[in-house]
Number of protein chains: 2
Amino acid sequence: MSAPARRTGGRSAAVLSAIRYAVEDLVRERGAEKVTIPMVAERAGVNPTSIYRRWGDAPALLNDIATYRLDPERPLPDSGDLRADLAAWAAEIVEHYRKPLNASILRGGSAMAGEQETDCLRNRRAEALLIVERVRQANDGASPVGADEVIDGLIAPIVYRAIFLPWTLDADLATRLVDRLLPQ
Amino acid sequence: MSAPARRTGGRSAAVLSAIRYAVEDLVRERGAEKVTIPMVAERAGVNPTSIYRRWGDAPALLNDIATYRLDPERPLPDSGDLRADLAAWAAEIVEHYRKPLNASILRGGSAMAGEQETDCLRNRRAEALLIVERVRQANDGASPVGADEVIDGLIAPIVYRAIFLPWTLDADLATRLVDRLLPQ
């Protein structure tokens, strides 16, 4: 009984991977805001109906692909030192958006944002909360910063630059922002 | 000789105003990323050629309208107190993006950003530089913050929230951000 299930799993993983590659190629070629579900279906060689059934619309599909690229399951830096952990986490996000494809997907997501928090940013917020929560647990509930300050002080400038000024995403940015957030 | 010139000026101001209203209506109805020059021309009752000649493309037209709405010629707060001036300036920008139309134009601009700094953000940067420069002149070249810190600490979180979390643009945001930027 397990063989057919496994075969189905293999096939659906292959379909998912074809869809991901198709989205990435199309975003690279045309810009995220021009990508439609029929276009992705054609490129991936799958039926548009299966894409509509799983994602509903192109913004949801793009958000999912963007989220996938910065894996929400990846381990977060956890050295016990808040400054080092925030710097490593921020550096990883800067590195992510230095790739033109990821910045382009973010711009496509921006165009369609505003109604509700996107998955991609919800994950960054969950990560900020987790990092702050660990500090609180180690310090009787005290933390030099809250999650809102981490979002405003680190994620907002990185995302702002990724959207509007991608050429300013330099290797030192993460450290500079953390130093401003946590003055020494 | 001055009458025809004046008449032309009046006519071209009326055309400009029709184009601005058309852009604002279309952005409100369809979202900035769907607005095209032929659409604006039809709604404004002008020839598309005159729009192409003046703006070149839809992103440039949208940027110009967005810039116009937060008039770059307006006087900047100048009380001599950096904290008060930054708070008043940031509050004005928060207020601007609390209007759904302005946030929508910003999202449309985001989708098309990344190649070069947009007019709208260049104006905010020029304003940050001006405010910091005034402080330096009054203090033998010293300022507690530079323009980059003002952009990362005030403009980036406001724009980030305007794009992704517009419901968090509350009336206290400007003061909270300035307090973090300039700890007391």
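1. A word to start with: a residue is called buried under 20% relative accessible area, exposed over 50%, and partly exposed in between, using a 1.4 Å probe and protein chains only. By that scale, Tyr160(A) is buried at a relative accessible area of 4%. Phe164(A) is buried as well, with 3% relative accessibility.

2. Some housekeeping before we go on. This is a predicted model, in which local features need pLDDT of at least 70 and side-chain atom pairs count only at pLDDT 80 or more, while totals for chains, interfaces and linings use all residues. Residues are numbered from 1 along each chain as its sequence is written, chains are lettered from A and ligands numbered from 1 in the order in which they are written, and side-chain values use heavy atoms, with hydrogens and water left out.

3. Let's look at where the chains meet. Chain B and chain A each bring 28 residues to the contact, where contact means heavy atoms within 4.5 Å. The area buried between chain B and chain A is about 2,500 Å², and carbon and sulfur atoms give 66% of it. Buried area here is the accessible area (1.4 Å probe) that two parts lose on being put together, summed over both. In chain B, the residues that lose the most area to chain A are Asp152(B), Tyr160(B) and Phe164(B), together 27% of what that side buries.

4. How many salt bridges does the rule find across the interface of chain B and chain A? There are 4 of them, a salt bridge being a side-chain nitrogen of Lys or Arg within 4 Å of a carboxyl oxygen of Asp or Glu. The count of residue pairs in polar contact between chain B and chain A, both at pLDDT 80 or more, is 6. A polar contact is a pair of N or O atoms within 3.5 Å; within protein, one must be able to donate a hydrogen and the other to accept it, and residues adjacent in sequence count only if both atoms are side-chain atoms.

5. Which elements give two or more residues to the side of chain B that touches chain A? They are α6 (100-111), α8 (147-164) and α9 (173-181) of chain B. Helices (H or I, at least four residues) and strands (E, at least two) are DSSP runs, numbered from the N terminus. With 12 residues, α8(B) gives the most to this side. The residues of the side of chain B that touches chain A divide into 16 nonpolar, 3 polar and 9 charged. For that division, Ala, Val, Leu, Ile, Met, Phe, Trp, Tyr, Cys and Pro count as nonpolar, Asp, Glu, Lys and Arg as charged, and the others, Gly among them, as polar.

6. Arg161(B) deserves a look of its own. Found in helix α8 of chain B, Arg161(B) counts as buried at 7% relative accessibility. Arg161(B) forms a salt bridge with Asp152(A), and the closest N and O atoms are 2.9 Å apart. Leaving aside neighbours within four places in sequence, the contacts of Arg161(B) include Asp152(A), Pro166(B), Leu173(B) and Arg176(B).

7. Now for the rings. Over all chains, a search of the whole structure finds 2 aromatic pairs. Tyr160(A) and Phe164(A) form a tilted pair, 5.4 Å centre to centre with 50° between the planes. Rings of Phe, Tyr and Trp (its six-membered ring) pair if their centres lie within 6.5 Å; planes under 30 degrees apart count as stacked, over 60 as edge-to-face and the rest as tilted. Tyr160(A) and Phe164(A) are separated by about one helical turn, because they are 4 residues apart in helix α8 (residues 147-164) of chain A. Tyr160(B) and Phe164(B) also form a tilted aromatic pair, at 5.4 Å and 50°.

8. Arg74(B) forms one with Glu92(B), the closest N and O atoms being 2.9 Å apart. Arg74(B) lies in the loop between α4 (58-69) and α5 (82-98) of chain B and Glu92(B) in helix α5 of chain B, so the pair ties together parts that are 18 residues apart in sequence. Arg74(B) is buried at 14% relative accessibility, whereas Glu92(B) is partly exposed at 29%. In chain A, salt bridges that share partners join Arg74(A), Glu92(A), Arg124(A) and Glu127(A) into one network.
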